[in-house]
Amino acid sequence: MYHRFFPSFIFSLLISFQPAIAGDLAYGEYLAGECVACHRVGAEGGIPPINSLPAPYFIEALKEYRDGERDHDLMRTVARSLGDTEMAALAAYFEQLEN
Ligand code: HEC
């Protein structure tokens, strides 16, 4: 009897360990390592602060770079490497940071 339940048990474990939940803070913090090289507090040289930006604005900005509506080579390259899940996680993470 037991072996008939085992596969579904494994399956539900896999589901519950998926890291890519929309807006996941821990995932956002992990991804943010790539961003804070430029976007650190007090950064100069035309790099805007992104801490505490509202998540909807943050996601929209990234999509505008990705789709070419905002013109900036570096941020385009960055945004094109991100999927929707990554953008949502980053937005959730940076939104709750203080400037
Ligand atoms: C190589 C440096 C660099 C890296 C790395 C970088 N950015 Fe940027 N980012 C910039 C610059 C410069 C701008 C301003 C571009 C412009 O003038 O439109 C910007 C703009 C932005 C904006 C728009 C801010 C606003 O107020 O409209 C967001 C959001 C953003 N970056 C998020 C990110 C995220 C998230 C990452 C990491 C995945 C990241 N950036 C990585 C340099 C960088």
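Predicted model: local features only at pLDDT ≥ 70, side-chain atom pairs only at ≥ 80, totals over all residues.
Student: Which element supplies the largest share of the largest nonpolar core?
Tutor: This core holds 14 residues, of which A89, L90, A91 and F94 touch the most other members. Both α3 and α5 (84–95) supply at least two residues of the core. The largest share amounts to eight residues, and the element they come from is α5.

Student: Which residues does F94 contact, leaving aside its neighbours within four places in sequence?
Tutor: F94 is one of the core residues that touch the most other members, and in α5 it also takes part in the meeting with α2. With its neighbours within four places in sequence left aside, the contacts of F94 are A32, I50, N51, L53 and F58.

Student: Are helix α2 and α5 roughly parallel or roughly perpendicular to each other?
Tutor: From α2 (residues 25–32), the residues L25, Y27, G28, E29, L31 and A32 meet E86, A89, L90, A92, Y93 and F94 of α5. By class, the residues of this contact divide into nine nonpolar, one polar and two charged. The two axes come within 7 Å and cross at roughly 95°, and since angles of 65 to 115 degrees count in this way, α2 and α5 are therefore roughly perpendicular.

Student: At what angle do α3 and α4 pack, and how are they oriented to each other?
Tutor: L62, Y65 and R66 of α3 meet M75, R76, A79 and R80 of α4, a contact with four nonpolar, no polar and three charged residues. The axes of these two helices lie 7 Å apart, and the angle is about 105°. The helices α3 and α4 are therefore roughly perpendicular.

Student: Which elements give two or more residues to the shell around the ligand?
Tutor: There are 18 residues around the ligand, and those that come nearest are C35, C38, P48, A61 and H72. The elements that give two or more residues to this shell are α3 (55–66) and α4 (73–80).

Student: How do the residues of the shell around the ligand divide by class?
Tutor: Among the residues that come nearest to the ligand are C35, C38 and P48, and cysteine and proline count as nonpolar. Taken as a whole, the shell divides into 13 nonpolar, three polar and two charged residues.

Student: Why does H39 count as partly exposed?
Tutor: H39 has its place in the loop between α2 and α3, where it touches I47, P49 and I50, not counting residues up to four places away in sequence. The C-alpha atoms of H39 and P49 are separated by 6.0 Å, although the two residues are ten apart along the chain. Because H39 has 15 C-beta neighbours inside 10 Å, it counts as partly exposed.

Student: What distance separates the C-alpha atoms of L97 and N51?
Tutor: L97 is found in the segment after α5, and with 16 C-beta neighbours inside 10 Å it counts as partly exposed. Leaving aside neighbours within four places in sequence, L97 is in contact with N51 and S52. L97 and N51 are 46 residues apart along the chain, and their C-alpha atoms are separated by 5.2 Å.

Technical notes:
Residues numbered from 1 in each chain as written. Near = placed C-beta within 6 Å. Helix = DSSP H or I, 4+ residues; strand = E, 2+ residues; numbered from the N terminus. Core = buried A, V, L, I, M, F, W, Y, C linked by C-beta atoms within 7 Å. Buried ≥ 20, exposed ≤ 12 C-beta atoms within 10 Å, placed from the backbone. Contact = placed C-beta atoms within 7 Å. Axes fitted to C-alpha atoms, helices over the stretch in contact; angles between N-to-C directions. Parallel < 35°, antiparallel > 145°, perpendicular 65-115°, else oblique.
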